[in-house]
There are 2 protein chains.
Amino acid sequence: MNKEDQVISGFRDLYNKLVWLNKSKMEVSLKGHKPSEVHCIEYIGKHADANVTKLAEHFYMTRSAISKIAKKLMEKGLIESFQRPDNKKEIYFKLTERGEAVNRIHEQLHNEFRERDKAVFEPITEAQWDQMMRFVERYSRHLDAEMKNQGVDRTPE
Amino acid sequence: MNKEDQVISGFRDLYNKLVWLNKSKMEVSLKGHKPSEVHCIEYIGKHADANVTKLAEHFYMTRSAISKIAKKLMEKGLIESFQRPDNKKEIYFKLTERGEAVNRIHEQLHNEFRERDKAVFEPITEAQWDQMMRFVERYSRHLDAEMKNQGVDRTPE
DNA sequence: GTCATTTTGTTTCCTTGTCAACAAAATTTA
DNA sequence: TAAATTTTGTTGACAAGGAAACAAAATGAC
């Protein structure tokens, strides 16, 4: 296996581990909320124009799936929907007070993860971060172009 | 958002894009086989001691899920199971001739992906690959230790 | 303006994977 | 060795997400 593949599959494995480990932790602090629900809450908290379509694109999921998650979050009273006066089709979401509370717990948890992994991040130099950032961005743009080429066309963000 | 988070979430997004795009391509060349099936075939092709437990650990999935995928692959005649004379419990898998064929198509596809993304990889220096590798490995080991700490204990590979 | 096309969100049906319970074999403990 | 525990794989019930079909609104073509 060459280095490209090693790095890519290394990152995949790393990502899987993070998901797996953080999920365990989240089940304790955020009992009763699924990871996907919490992720949607996070996104809605950050984006004032969050709707089903935007969420679906961001998470590489179908509108169908997001629609169901949103429904559940509304039933739980964690988000509420609203419309813009000039548009009767698009439905936006925002966090309720209880949703904000969940979001804060989630943020707190993120800080704990950051703290937990501090030792790994510390020795990385500014220059190294920048290199990795540039690599990721370039690869990402390359794939966007590739998707367009292929006619698939789905450009999130 | 700080650089650590940017890099991590950048990689997550990159990974999602890769999965999404490659899935489209695989549906063409490997019609009739799900990604998870193809991944299992790949692993079985590479590991002579592949069994349900090893596959589950590698893919961060439950034994239950793998058991079902394996069942399907056996029905399709892509893999076959065998036992070691000194152990009546563990069941190992190997590829059939048809499984090998699927595996070769998959490998070919991987070469195409590599070719497709060549332009992104070329400007990365040997030193940069090594840096990224070291980062991934260190982080990975850190998380392994963390899992053990937490008593979760699941150390793949 | 009107008609066709696209966008947005929802619902139904189906597939995939998890969870829990289980049986059988292996391993550990005594 | 015998009994308790762990490991391995399977099954059935359930939940999450995808695909397709759909309705309603928005946009575009004319």
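Colleague: Which helices each supply at least two residues of the surface near DNA strand D?
Modeller: Helix H4 (63-75) of chain A does so, together with helix H3 (52-59) and helix H4 (63-75) of chain B, where helices (H or I, at least four residues) are DSSP runs numbered from the N terminus. This is a predicted model in which local features need pLDDT of at least 70 and side-chain atom pairs count only at pLDDT 80 or more, while totals for chains, interfaces and linings use all residues. Residues are numbered from 1 along each chain as its sequence is written, chains are lettered from A and ligands numbered from 1 in the order in which they are written, and side-chain values use heavy atoms, with hydrogens and water left out.

Colleague: OK, and how many residues surround DNA strand D?
Modeller: There are 24, and the closest are A:Ser64, A:Lys68, A:Lys88, B:Thr53 and B:Lys89; a residue is near a strand if one of its heavy atoms lies within 4 Å of it. By class, that surface has six nonpolar, eight polar and ten charged residues, with Ala, Val, Leu, Ile, Met, Phe, Trp, Tyr, Cys and Pro counted as nonpolar, Asp, Glu, Lys and Arg as charged, and the others, Gly among them, as polar.

Colleague: Which part of DNA strand D does B:Lys89 reach with a polar side-chain atom?
Modeller: That atom lies 2.6 Å from a base oxygen of DNA strand D, whereas B:Thr53 has a polar side-chain atom 2.5 Å from a phosphate oxygen. Both are polar contacts, meaning pairs of N or O atoms within 3.5 Å; within protein, one must be able to donate a hydrogen and the other to accept it, and residues adjacent in sequence count only if both atoms are side-chain atoms.

Colleague: What about DNA strand C, which residues are closest there?
Modeller: Of the 25 residues that surround DNA strand C, the closest are A:Thr53, A:Lys89, B:Ser64, B:Lys68 and B:Lys88. Sugar and phosphate make up 67% of the atoms of DNA strand C that come within 4 Å of the protein. A:Lys89 places a polar side-chain atom 2.5 Å from a base oxygen of DNA strand C, and for A:Lys68 the distance to a base oxygen is 3.3 Å.

Colleague: Switching topic, where does B:Arg84 lie relative to B:Tyr92?
Modeller: B:Arg84 lies over the face of B:Tyr92, at 4.2 Å from the ring centre. A charge sits over a ring if NZ of Lys or CZ of Arg is within 6 Å of the ring centre and within 35 degrees of the ring normal. The charged end of B:Lys94 likewise sits over the ring of B:Phe82, 5.5 Å from its centre.
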